[in-house]
Protein chains: 2
Amino acid sequence: MGIGDDCAVLRLPPHHEVLVTTDFSLEGVHFRREWHSAASIGHRCLARGLSDIAAMGGEPRAAFLSLALPGKLPQAWVDGFLRGLLRLAGRFEVGLAGGDTAQSSGGVLADIIVLGSVPKGKAILRSGARPGDRIYVTGALGGSAAVLRKMMARPRRKLEPASFPQHFFPEPRVQLGRFLREKALASAMIDISDGLSTDLAHICEQSGVGAEIQGGAIPKAVMGKPAKQVDPRSALHGGEDYELLFTVPRRKNVPSRIAGVPITWIGRITGGRKILLRDEEGTREFRPQGWEHFK
Amino acid sequence: MGIGDDCAVLRLPPHHEVLVTTDFSLEGVHFRREWHSAASIGHRCLARGLSDIAAMGGEPRAAFLSLALPGKLPQAWVDGFLRGLLRLAGRFEVGLAGGDTAQSSGGVLADIIVLGSVPKGKAILRSGARPGDRIYVTGALGGSAAVLRKMMARPRRKLEPASFPQHFFPEPRVQLGRFLREKALASAMIDISDGLSTDLAHICEQSGVGAEIQGGAIPKAVMGKPAKQVDPRSALHGGEDYELLFTVPRRKNVPSRIAGVPITWIGRITGGRKILLRDEEGTREFRPQGWEHFK
């Protein structure tokens, strides 16, 4: 309701709270038109917002798009962008309920706002992790960053988006996040948008705890032809995978797959403040390494 | 709740619906740093969103700001911008609950999202005007556009913001809009962001009606020293006044002031499709004239 009005009007289920997230997708910061197809840019734009809703265990309800476009942009690009965005929106039954448009004097500027909802008091926060909780990740990590590295190493080679879906068409884990909330499994959750090391640090900081990660257990993305595991650095620190990182009290059983996605146990929450990484080389501090997109 | 989380979590009063509005404020399109102080830009950025909530008869609940800044921008500018925005937010008890930040390769880019709420089914839409309804405006019109004309005519003269509040610090009519909803007075409402001619056309189109406006009745803004009424063109077509335009069934009495703001009866809704303007020069069609900001 409210299409053509000053505001969109949304009715939520009774006893639900509102979830709100906003995310920029800026040309030259979050994407490049030389590297990313219009459809991929539209998809990634919305995926960022849906993934934030997923990370709270929420259900996405509506999206709003503020879009500023350079005057000389071909209409076919805009159509492709919206097609990519709306295809993803359709799969999650999220309507595009409003937004704003303007002319940009620079590149393409998009700001996506996703509204979701969650039963009152049931949102999964970053702050609920407790010593002894087990740490899990969904899917496999590092795929998106490894593709970015590939493109940066050879900027003029255009990669086929369909062959590298981790980067070009990441899948927000909405059903999975909702399952964890409905079954009251996760004590804390975040989406891996900035990289495992950074996002784990967010959970530990908000929860006032430490962690110990088994490096060998971290599921690494596999991609390319012939299929190859990504480098460890991409898996440990690479952002924009949009997998979920969550903690579960030890007494609870976690399925090995949820909503078709493999779940991997990678470590545990500790009472200290340090985040440690254990692997064949020994034990060391697992420091967040900023994920800076590309410049 | 949810600060430091993937989403903000908002609890609304029971039996309320969510109102959502998003508005860009882009350097070179909606403001110029040479003309507008940082505080004015921050104020205007949020005022656009609050005014949309006001136009639905809603109550603003929270604001979200996505802000992309050029690398070389002085910190003092950012502080001034946020001060202007937060001062207005504070007056309406609206918290800044989240958003996003990024570096801009062009100018300052802000996208403001305001969430509000309204009791279920009580939002005042643009589509409710019926033949015979009287048409009202709040405050006085044309002040913002007349200031813009002044600046465009003499681009290097810097106007004192405090002397021209209509343009630099417009007042969103939140209490007034809420009063009209609580008293069930308005059948349709819109805020005058694009100009009277354009916004009246929106109401008529959405309601499937026509209108007749008494040109002489339109309240024109007064400003400058010595104080002078703005030109008729600014009052008829000028945007960004953020006054409210609303319709009321004939049998209902409308106070001459609401929340301290004068209310003026300027015409009536008709069963035709045309919008007519009557003044001393006769009767003619009152066509929407696009408000294009400045370029």
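In the predicted model, 50 residues of chain B are in contact with 50 residues of chain A. The area buried between chain B and chain A is about 4000 Å², and carbon and sulfur atoms give 58% of this area. On the side of chain B, the residues that lose the most area to chain A are B:Asp6, B:Val20 and B:Phe24, which together account for 17% of what that side buries.

The elements that give two or more residues to the side of chain B that touches chain A are β1 (8–10), β2 (16–26), α1 (38–55), β3 (59–70), β4 (95–104), β5 (109–119) and β7 (188–191) of chain B. Of these, β2(B) provides the largest share of the side that touches chain A, with nine residues.

Over all chains, the structure holds 32 salt bridges. One of them is formed by A:Asp6 and B:Arg126, whose closest N and O atoms are 3.4 Å apart. Since A:Asp6 lies in the segment before β1 (8–10) of chain A and B:Arg126 in the loop between β5 and β6 of chain B, the pair joins two chains. A:Asp6 is buried, with a relative accessible area of 8%, and B:Arg126 is likewise buried, with a relative accessible area of 12%. A further salt bridge links A:Arg11 with B:Glu17, the closest N and O atoms being 2.3 Å apart. This pair also crosses between chains, from A:Arg11 in the loop between β1 and β2 (16–26) of chain A to B:Glu17 in strand β2 of chain B. B:Glu17 counts as buried, at 1% relative accessibility.

Within chain A, the side chains of A:Arg173 and A:Glu243 meet in a salt bridge with an N to O distance of 2.8 Å. A:Arg173 is located in the loop between α4 (165–168) and α5 (174–182) of chain A, whereas A:Glu243 is located in the loop between α7 (232–237) and β11 of chain A, so the pair ties together parts that are 70 residues apart in sequence. Both A:Arg173 and A:Glu243 are buried.

Turning to the aromatic residues, four aromatic pairs are counted over all chains. The ring centres of A:Tyr136 and A:Phe246 are 5.5 Å apart and the ring planes stand at 15°, so the pair is stacked. Because A:Tyr136 lies in strand β6 (residues 134–138) of chain A and A:Phe246 in strand β11 (residues 244–248) of chain A, the pair ties together parts that are 110 residues apart in sequence. A:Tyr136 is buried at a relative accessible area of 7%, and A:Phe246 counts as buried at 0% relative accessibility. In chain B, the rings of B:Tyr136 and B:Phe246 have their centres 5.5 Å apart and their planes at 15°, so this pair is stacked; both B:Tyr136 and B:Phe246 are buried.

Charged side chains also lie over aromatic rings in chain B. B:Arg32 lies over the face of B:Trp35, at 4.2 Å from the ring centre, while the charged end of B:Arg134 sits over the ring of B:Trp265, 4.1 Å from its centre.

Terms used. Residues are numbered from 1 along each chain as its sequence is written. Chains are lettered from A and ligands numbered from 1 in the order in which they are written. This is a predicted model: local features need pLDDT of at least 70, side-chain atom pairs count only at pLDDT 80 or more; totals for chains, interfaces and linings use all residues. Side-chain values use heavy atoms; hydrogens and water are left out. Rings of Phe, Tyr and Trp (its six-membered ring) pair if their centres lie within 6.5 Å; planes under 30 degrees apart count as stacked, over 60 as edge-to-face and the rest as tilted. Helices (H or I, at least four residues) and strands (E, at least two) are DSSP runs, numbered from the N terminus. Buried means under 20% relative accessible area, exposed over 50%, partly exposed in between (1.4 Å probe, protein chains only). A charge sits over a ring if NZ of Lys or CZ of Arg is within 6 Å of the ring centre and within 35 degrees of the ring normal. Contact means heavy atoms within 4.5 Å. Buried area is the accessible area (1.4 Å probe) that two parts lose on being put together, summed over both. A salt bridge is a side-chain nitrogen of Lys or Arg within 4 Å of a carboxyl oxygen of Asp or Glu.
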